[in-house]
Amino acid sequence: MAMRTLVPFDATDPKTRLSPLFSPDERRELAAVMLGDVLDAVRAAGGDPLVVATDDVACDAPVVVDERALSDAVNARLEPKTAVVMADLALSTPRVLDAFFAASGDVVLAPGLGGGTNALVVRDDGFAVDYHGASYRDHLRNAAAAGCSVREFDATRLALDVDERTDLADVLLRAEGETPGWLRDAGVGLATDGGRTNVARKR
Ligand SMILES: Nc1nc2c(ncn2[C@@H]2O[C@H](COP(=O)(O)OP(=O)(O)OP(=O)(O)O)[C@@H](O)[C@H]2O)c(=O)[nH]1
Ligand SMILES: C[C@H](OP(=O)(O)O)C(=O)O
């Protein structure tokens, strides 16, 4: 049985935290390339993706445009059993998503490194999402309040979402030596600034 999977996508002005590195058009292109990779991984893991986007986007999956805020757009479609996988999980693989979809629990939560909720599975109609801020903590609270059993699914390959410049360094460091094409083409490479591994862009 395929796992119905919502993939929220900001097609309008995505990845604003990467503005120091990329122009608005480049951020849209970067977001779209990562979306494509996530959709491939979701399908290979047995997911049936539906992109829930702020505006039309060309991608290899059905798209529904919903201009509401993220949480409202997701809650409007969260009937059990449904997964939600964010479009910027650049390290996600079919293997980790297969294990994630198979994890049991009324609510399965994959934490993001910065306190967000990078992916979830809902099997109980009493649960609602509440994204942004420290949403992972909010989702644990929402699940408890709804009397849902919770499985915390902590996996590096789901915990990294590309928000900040340093997240790109983590992608490069874990890309098994092969720089992802979208980063190579943009001239982005590893750099060290004061001991913290970061990225720089060869203009
Ligand atoms: N449908 C929809 N998706 C959204 C919205 N805001 C963010 N997303 C998506 O939800 C996921 C996580 O959001 P963020 O990490 O905040 O992504 P972002 O908005 O592109 O990044 P920033 O502009 O840096 O906050 C990403 O895949 C976004 O594309 C929204 O308002 N509506
Ligand atoms: C959508 C949001 O993503 P973040 O802004 O934390 O990357 C969240 O996970 O609650």
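1. K15 sits in the loop between β1 and α1; helices (H or I, at least four residues) and strands (E, at least two) are DSSP runs, numbered from the N terminus. Its phi is near 55°, a positive value in a residue other than glycine. Most residues other than glycine have a negative phi, and most peptide bonds are trans. K15 counts as buried because 20 other C-beta atoms lie within 10 Å. For burial the cut-offs are 20 or more other C-beta atoms within 10 Å for buried, 12 or fewer for exposed, and partly exposed in between, with C-beta atoms placed from the backbone.

2. A word on what you are looking at: this is a predicted model, where local features need pLDDT of at least 70, side-chain atom pairs count only at pLDDT 80 or more, and totals for chains, interfaces and linings use all residues. Residues are numbered from 1 along each chain as its sequence is written, while chains are lettered from A and ligands numbered from 1 in the order in which they are written. The chain averages a pLDDT of 94, with 99% of the residues at 70 or above; pLDDT is the predictor's confidence in each residue, from 0 to 100. For the complex, the predictor gives an ipTM of 0.97 and a pTM of 0.95.

3. Now ligand 1. Which residues come nearest to it? Of the 19 around it, they are P8, P14, T16, R17 and A87, where being near means a C-beta atom, placed from the backbone, within 6 Å. β1 (3–9), β2 (47–53) and α2 (70–75) are the elements that give two or more residues to this shell. By class, the shell has 11 nonpolar, two polar and six charged residues. Here Ala, Val, Leu, Ile, Met, Phe, Trp, Tyr, Cys and Pro count as nonpolar, Asp, Glu, Lys and Arg as charged, and the others, Gly among them, as polar.

4. Ligand 2 has L70, G112, G114, G116, T117, Y131, H132, S135, D161 and D163 around it. Its shell splits into two nonpolar, six polar and two charged residues. H132 deserves a look of its own: it lies in the loop between β6 (117–122) and α4 (135–145), and its phi is near 80°, again positive in a residue other than glycine. H132 is exposed, because it has 11 C-beta neighbours inside 10 Å.

5. One more backbone item to check: the peptide bond from P80 to K81 is cis, with omega near -5°. K81 is in the loop between α2 and β4 (82–85).

6. On the domains, the assignment gives domain 1 (3–159) and domain 2 (165–201), with bounds from an automatic or database domain assignment. Their contact takes eight residues from domain 1 and six from domain 2; two residues are in contact if their C-beta atoms, placed from the backbone, lie within 7 Å. The side of domain 1 that touches domain 2 has seven nonpolar, no polar and one charged residues. Taken over C-alpha atoms, the domain centres are 23 Å apart.

7. The largest nonpolar core has 56 residues, and V7, F9, V38, V85, F100, A119 and L120 have the most contacts inside it. Such a core is a set of buried Ala, Val, Leu, Ile, Met, Phe, Trp, Tyr and Cys residues joined through C-beta atoms within 7 Å. Helix α1 (residues 24–44) supplies the largest share, eight residues. Domain 1 (3–159) and domain 2 (165–201) both give residues to this core, so it lies between them.

8. Inside that picture, V38 is in contact with V7, V85, A87, L89 and S92, leaving aside neighbours within four places in sequence. S92 is in the loop between β4 and α3 (94–102) and is buried, because it has 28 C-beta neighbours inside 10 Å. Beyond four places in sequence, S92 touches V38, A41, L97, R157 and L158.

9. Over in strand β1, M3 is buried, with 20 other C-beta atoms within 10 Å. M3 and G47 are 44 residues apart in sequence, yet their C-alpha atoms are 4.5 Å apart in space. Not counting residues up to four places away, M3 touches G46, G47, D48, A83 and F101.

10. Last, helix α6 (residues 165–173): its buried residues are R165, D167, L168, A169 and L172. They pack against α7 (181–185), β8 (188–193) and β9 (196–201).
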